[in-house]
Amino acid sequence: MKFDDYLPCQAYTNQPKHTKNTQFSAFFDAASSRYFFALLDKNGNVAFKSEGYPQEKSRDNGIESVLKNKDTRDRYAVKSENSEFFVSLRAGNRQEIARSCGFATESAANDFIGQMFGEVASKVETKVAAKPAAAKVETIVATKPAVEKIETKIAAKVETKVATAKPTVGKVETKIVVEPALKVVEKTTAPAVKGEKIYLAPELYLGYPTLMDEYGPTGYALFTGPDAKHYFTVYNPDGSIYLRSEGFPTTKQCEEVLDVVKTNIVNPEKYLVKEATTGFEVVLVDEKETEIARSTEFDSFTAAFVTTPKGRTKTEGVNLY
């Protein structure tokens with residue numbers, strides 16, 4: 001279940017500045033019992049708003065993610081919802097970390113991104129001659145890559161070329177170049193096992209204290225989600241998500257599956273890289289090939305693969321295949 005809890009834009013206005021970073025406002029909303037932030041423009045207006053976080057620490061992690069990604073052009077995408085358009089700011093794993101207020105048209109949302117990067121679009125007219133009459137084709141050329149980009153499965157790239165060598169008969173050629181896949185990728189349009197796996201939005205797994213063992217803190221955390229189910233997270237050393245669980249009705253069931261994860265987490269053969277909705281995910285399975293945890297989404301197969309034990313070993317020059 002995705003816990004989507006953005007507040008209306010007016011709720012983010014006139015809020016106090018964040019104590020450590022005045023580019024942001026930060027506040028607690030008593031009605032939802034959650035912490036929010038907004039990225040402000042140079043005039044102090046709300047440029048991007050956040051979803052709610054269960055703790056101040058996880059909210060501040062969200063702010064750090066925005067700072068890390070906001071100056072990268074391809075982290076932005078225009079999306080539509082409820083008959084209006086908004087700009088989505090995403091992390092490298094394609095998870096949304098903030099969004100703008102709404103725009104009436106898609107063009108206005110695209111212009112908003114262009115203004116952020118100081119871009120000005122220019123029009124170029126290319127005339128393509130037809131047999132009986134000349135057909136006119138208008139091509140919009142941006143000074144930097146356009147907001148909209150073509151996304152295809154299995155890292156396919158689409159290249160479009162317009163022939164303009166002579167003002168006679170022009171033609172448009174489109175070719176699709178498919179990059180070779182590293183291995184066979186299983187699609188996740190259907191569940192990996194019987195019964196649909198329900199995961200929370202990635203930001204809801206962040207900021208929880210890790211469990212302790214005889215050697216000190218571990219990378220594992222247990223928590224209760226907004227749906228009253230029980231979840232676990234496996235953190236990377238920097239506090240980001242390595243693996244996350246679905247929800248369980250009891251703490252005991254959650255802890256039992258976490259024990260299975262601990263048994264299999266170092267076994268390279270228990271990892272799969274699967275194609276997801278907008279990218280790729282790493283899935284950890286048990287002895288019966290049942291999914292027991294998964295990562296957040298990555299932009300490419302390679303980015304996902306190198307996080308697995310086999311992928312890390314291959315990047316160190318040792319071939320385990």
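Predicted model: local features only at pLDDT ≥ 70, side-chain atom pairs only at ≥ 80, totals over all residues.
In the hairpin formed by strands S14 and S15, with five residues between the strands, Ala 228 takes a positive phi near 70°. Residues are numbered from 1 along each chain as its sequence is written, and side-chain values use heavy atoms, with hydrogens and water left out. The protein chain holds five helices and 19 strands; helices (H or I, at least four residues) and strands (E, at least two) are DSSP runs, numbered from the N terminus.

**The chain as a whole**

- Of the 321 residues in the protein chain, 41% are buried; buried means under 20% relative accessible area, exposed over 50%, and partly exposed in between (1.4 Å probe, protein chains only).
- Taking contacts in the protein chain between residues at least 6 apart in sequence, 46% join residues at least 24 apart, where contact means heavy atoms within 4.5 Å.

- Strand S15 is mostly covered, with six of its six residues buried.
- His 230, Phe 232 and Val 234 point one way from S15, while Tyr 231, Thr 233 and Tyr 235 point the other way, and all are buried.
- In a regular strand, side chains alternate between the two faces of the sheet.
- S14 and S15 run antiparallel and are joined by five bridges; two strands pair if DSSP finds at least two bridges between them.
- Within this pairing, Thr 224 stands opposite His 230 in S15.
- S15 also runs antiparallel to strand S16 (residues 241–244), with three bridges joining them, and Thr 233 stands opposite Arg 244 in S16.
- The hairpin of S15 and S16 has five residues between the strands, and Gly 239 in its turn has a positive phi of about 90°.

**Helix H3 and its two sides**

- Helix H3 (residues 251–264) has 14 residues and reaches 20 Å from its first C-alpha to its last, close to the 20 Å expected at 1.5 Å a residue; the expected span is 1.5 Å times one less than the number of residues.
- Its buried residues are Cys 254, Val 257, Leu 258, Val 261 and Asn 264.
- Seen down the axis of H3, these buried residues fall within an arc of 120°, so they line one face of the helix; the arc is that of the directions from the helix axis to the C-beta atoms.

**Nonpolar cores**

- The largest nonpolar core has 22 residues, and those with the most contacts inside it are Phe 232, Val 234, Leu 243, Val 261, Ile 265, Tyr 271 and Val 273.
- A nonpolar core is a set of buried Ala, Val, Leu, Ile, Met, Phe, Trp, Tyr and Cys residues joined through side-chain atoms within 4.5 Å.
- The elements giving two or more residues to this core are S15, S16, H3, S17, S18, S19 and helix H4 (301–305).
- H3 gives the most to this core, with four residues.
- Apart from this core lies another, of 18 residues, among them Tyr 76, Val 78, Ala 109 and Phe 112.
- Not counting residues up to four places away in sequence, Tyr 271 touches Tyr 242, Leu 243, Asn 264, Ile 265, Val 282, Val 283, Leu 284, Thr 308 and Pro 309.

**A buried glutamate**

- Glu 291 is found in strand S19 and is buried, with a relative accessible area of 3%.
- The side chain of Glu 291 makes polar contacts with the side chains of Tyr 199 (2.6 Å) and Arg 294 (2.8 Å).
- A polar contact is a pair of N or O atoms within 3.5 Å; within protein, one must be able to donate a hydrogen and the other to accept it, and residues adjacent in sequence count only if both atoms are side-chain atoms.

**Other residues with positive phi**

- Most residues other than glycine have a negative phi.
- Asn 14 has a positive phi of about 55° although it is not a glycine; Asn 14 lies in the segment before strand S1 (24–29) and counts as exposed at 81% relative accessibility.
- Arg 94 has a positive phi near 75°; Arg 94 lies in the loop between strands S5 (84–90) and S6 (96–99) and is buried, with a relative accessible area of 15%.
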